[in-house]
Amino acid sequence: MQYDNELFVKHLQGMVQIPTVSSVDPDKIDKDAFLRLHKYLEETYPLVHKTFEKEVIGRVGLLYHWKGTGKSGKEPLLLTAHQDVVPEGDHSMWKYPPYEGVVADGCLWGRGSTDSKCNIQAYLDALELLIADGFVPDYDIYLAFGYNEEIMGGPEAAAGILSEELKKRGVTLGMAVDECGGVSQRDGKWVAEIYPCEKGYADFEFSMEDPGGHSAQPPEHSALGVIGHTAWLIEQNPLPQKLTAPVIQQMKAMAPFTPGELGQLFQDPEANWEKLKPLCAANKQLNAMTRTTTAVTMCKGSDQANILPERATLITNSRLLPGDTVEELQKHLESIVPEGVKVRLVKGHNPPEVSSIDTPGYRLMKSIMEEKYPGITFIPAMLLGGTDSRYYCSLSPSHSVYRFTGLKSDSRWGGAHQVNEHIACDILMDNVDFYVRLLKGYANA
């Protein structure tokens with residue numbers, strides 16, 4: 001089996017050139033762009049499309065199935081990613097146009113190059129190579145590619161639709177792998193971050209109604225003034241910090257790479273919790289690891305400076321620790337806001353179940369990385385954002401849903417969700433190789 005990194009770059013380049021932007025309003029997505037991507041995948045990966053059964057689920061979701069021999073007795077393996085990308089923003093701020101897929105400075109530039117079309121490319125290139133090499137799995141393989149991960153599913157969660165379709169068919173998963181995670185160097189040593197869990201999500205609206213009127217005769221507090229005070233109260237009354245099992249594991253694994261007192265405290269987070277609390281609270285990443293956070297992000301009053309708003313609103317975004325619930329968070333927020341302010345959940349979900357790091361699938365990923373990078377250290381971590389993988393947790397009775405790739409991240413990467421998103425070209429082969437090894441090794445894991 002010969003790897004051709006230039007070909008991998010070309011394949012990803014073609015995906016990046018198709019602007020599959022998701023929208024909060026499902027009716028406003030450019031369906032034709034997604035269909036062009038589907039056609040491109042068919043043309044680029046003919047063996048995959050000859051071997052797998054492919055279906056379009058929902059508007060433009062993709063579900064692939066390769067029925068294996070079943071000899072291994074293993075439950076199916078799912079590889080999932082999302083077709084959609086975030087809006088590109090102001091084109092004048094980009095070094096290269098966001099949808100031209102320019103290759104320059106050793107990198108591929110464009111929206112979706114890192115998040116997460118590189119995963120779709122790696123899955124399909126690995127499978128194309130394996131099929132050409134005569135590989136036939138002794139287990140079933142599923143691929144599931146949603147179309148609105150970037151807006152956390154919204155009113156029509158594509159990954160939820162795909163998951164429900166698998167559930168209707170009685171499919172249970174032995175393992176699911178999604179985006180995020182990867183390999184990097186710290187203090188000259190290789191480190192692999194694998195995410196067995198992620199935080200939950202919630203958007204809340206806070207609203208205040210008022211008679212409004214002319215701004216020349218204002219009341220003591222306008223509706224927007226009350227909403228401004230609400231924002232202050234939310235920031236002044238966060239939920240308490242706490243240690244969760246995933247973060248305890250993460251801190252212990254991070255200890256050798258964390259200098260000074262913090263690294264010493266990470267060696268035994270539970271015993272050192274009282275000392276850790278203020279240090280974590282003062283650090284944005286550690287604070288997010290140790291509490292359910294709520295960020296004030298949007299606010300609206302009247303449409304003109306001399307009009308008192310008849311209705312003022314505030315939007316917040318919360319990320320929930322495993323163990324916390326949206327219902328509990330709403331009760332907390334309702335208990336701290338001023339009288340007359342209404343609290344409404346716009347959308348949200350509880351944190352998905354935490355997967356085990358003592359499973360055949362997790363051990364397989366570790367063994368692959370240990371073979372590729374002798375002496376590598378593994379950090380099981382909690383993802384502070386969210387992925388489509390949460391929808392597949394209920395399909396895995398062995399609690400084997402992981403967010404991990406074979407990509408090597410370094411200073412050349414840049415801009416996921418920002419202008420100038422780009423990925424180093426020479427690392428694509430590492431990702432393809434990881435999935436080739438995963439697919440070949442899964443039956444015996």
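Trainee: Helices (H or I, at least four residues) and strands (E, at least two) are DSSP runs, numbered from the N terminus. How many helices and strands does the protein have?

Mentor: The protein has 13 helices and 18 strands. This is a predicted model, where local features need pLDDT of at least 70, side-chain atom pairs count only at pLDDT 80 or more, and totals for chains, interfaces and linings use all residues. Residues are numbered from 1 along each chain as its sequence is written, and side-chain values use heavy atoms, with hydrogens and water left out.

Trainee: What radius of gyration does the protein have?

Mentor: It is 23 Å, which agrees with the value near 22 Å that a compact globule of 445 residues would have. The radius is taken over C-alpha atoms, and the globule rule is 2.2 Å times the number of residues to the power 0.38. Along the principal axes, the C-alpha atoms fill a box of roughly 80 × 55 × 50 Å.

Trainee: And what share of the residues is buried?

Mentor: Of the 445 residues, 57% count as buried. Buried means under 20% relative accessible area, exposed over 50%, and partly exposed in between (1.4 Å probe, protein chains only).

Trainee: Which residues have the most contacts inside the largest nonpolar core?

Mentor: Leu41 and Leu438 do, in a core of 68 residues. Helix 4 gives the most to this core, with ten residues. Such a core is a set of buried Ala, Val, Leu, Ile, Met, Phe, Trp, Tyr and Cys residues joined through side-chain atoms within 4.5 Å.

Trainee: What does Leu438 touch, leaving aside neighbours within four places in sequence?

Mentor: Leu438 is in contact (heavy atoms within 4.5 Å) with Leu79, Met175, Val177, Leu364, Met365 and Ile368. Another core, of 21 residues, lies apart from the largest one and includes Tyr195 and Cys280.

Trainee: Changing topic, where is the cis peptide bond?

Mentor: A cis peptide bond joins Asp115 and Ser116, with omega at about -15°. Ser116 sits in the loop between strand 5 (107–109) and helix 4 (117–132).

Trainee: Is Asp105 buried or exposed?

Mentor: Exposed, because its relative accessibility is 55%.

Trainee: What about Asp187?

Mentor: Asp187 also has a positive phi, near 55°. Asp187 lies in the loop between strand 8 (182–186) and strand 9 (189–198). With a relative accessible area of 64%, Asp187 is exposed.
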